[in-house]
Amino acid sequence: MGRGKNMTTDAQTDASLPEGLKALMSRADAKDKTLRPVDKWNPPFCGDLDIRIARDGTWYYLGSPIGRKPLVELFASVLRKDENGKHYLVTPVEKIGITVEDAPLLAVEMAVEGEGIAQTLTVRSNLGDLIRIGKDHPLRFEMEAVSGGLKPYVLVRGRLEALFTRALMYQLADLMVEHTGSNGTETGVWSSGQFFALDPDLL
């Protein structure tokens with residue numbers, strides 16, 4: 001598969017792909033999209049592959065968008081972020097480095113139940129993950145370097161996070177309140193009994 005071609009052909013035709021990834025891609029159209037136990041696998045590192053997840057959540061291979069959503073979902077099911085901050089596609093036989101420009105997932109939709117301390121927020125990712133924000137799936141906030149705007153992230157699984165889209169960020173901002181706790185008065189948002197506060201530098 002040369003540069004500029006979309007990754008929609010049979011994986012076996014691309015000799016440059018690692019064998020484990022070829023085997024994985026052959027199952028892209030299978031109905032079973034169960035997440036693999038990638039955190040328990042410890043295969044050897046096989047180098048980096050020219051796969052990139054852009055800031056808008058689009059996956060690219062050799063500079064071209066990957067057009068098959070089932071293939072993207074399959075890749076996402078074996079995606080792992082290690083302690084070194086680098087993202088990998090992990091199979092039982094190999095670990096392949098890829099590039100992630102920001103977060104590998106986007107939070108694109110949010111459901112709000114209750115209010116105040118009883119409020120629960122559930123978000124959906126661009127690949128269909130449903131995440132209930134709380135102790136196991138915390139929020140964190142950063143400042144966008146260029147615009148100075150707020151960037152909320154939610155932990156999805158392992159070390160993988162979903163970045164809130166701009167529209168969803170505004171929806172989240174509307175839910176922010178002040179709360180007085182052990183650290184004084186803070187601004188943040190409640191979900192599942194947890195208060196997720198903004199760093200004062202972000203206000």
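Modeller: In this predicted model, buried means under 20% relative accessible area, exposed means over 50%, and partly exposed lies in between.

Biologist: Why is Lys-86 called partly exposed?

Modeller: Lys-86 has a relative accessible area of 26%.

Biologist: What makes Asp-48 count as exposed?

Modeller: The relative accessibility of Asp-48 is 54%. Exposed means over 50%, therefore Asp-48 counts as exposed.

Biologist: How do you know that Lys-86 forms a salt bridge with Asp-48?

Modeller: The closest N and O atoms of Lys-86 and Asp-48 are 3.4 Å apart. The rule asks for a Lys or Arg side-chain nitrogen within 4 Å of an Asp or Glu carboxyl oxygen, so the pair qualifies. Lys-86 sits in the loop between strand E4 and strand E5, and Asp-48 in strand E1, 38 residues apart.

Biologist: How many salt bridges does this rule give?

Modeller: The count comes to 12.

Biologist: What makes Glu-161 and Arg-140 one of these pairs?

Modeller: Their closest N and O atoms are 2.6 Å apart, and the cut-off is 4 Å, so this is a salt bridge. Glu-161 belongs to strand E12 and Arg-140 to strand E10, 21 residues apart.

Biologist: Is Glu-161 buried or exposed?

Modeller: Glu-161 has 14% relative accessibility. Buried means under 20%, so Glu-161 counts as buried.

Definitions and conventions
Residues numbered from 1 in each chain as written. Predicted model: local features only at pLDDT ≥ 70, side-chain atom pairs only at ≥ 80, totals over all residues. Heavy atoms only, no water. Helix = DSSP H or I, 4+ residues; strand = E, 2+ residues; numbered from the N terminus. Buried < 20%, exposed > 50% of the residue type's maximum accessible area, 1.4 Å probe, protein only.
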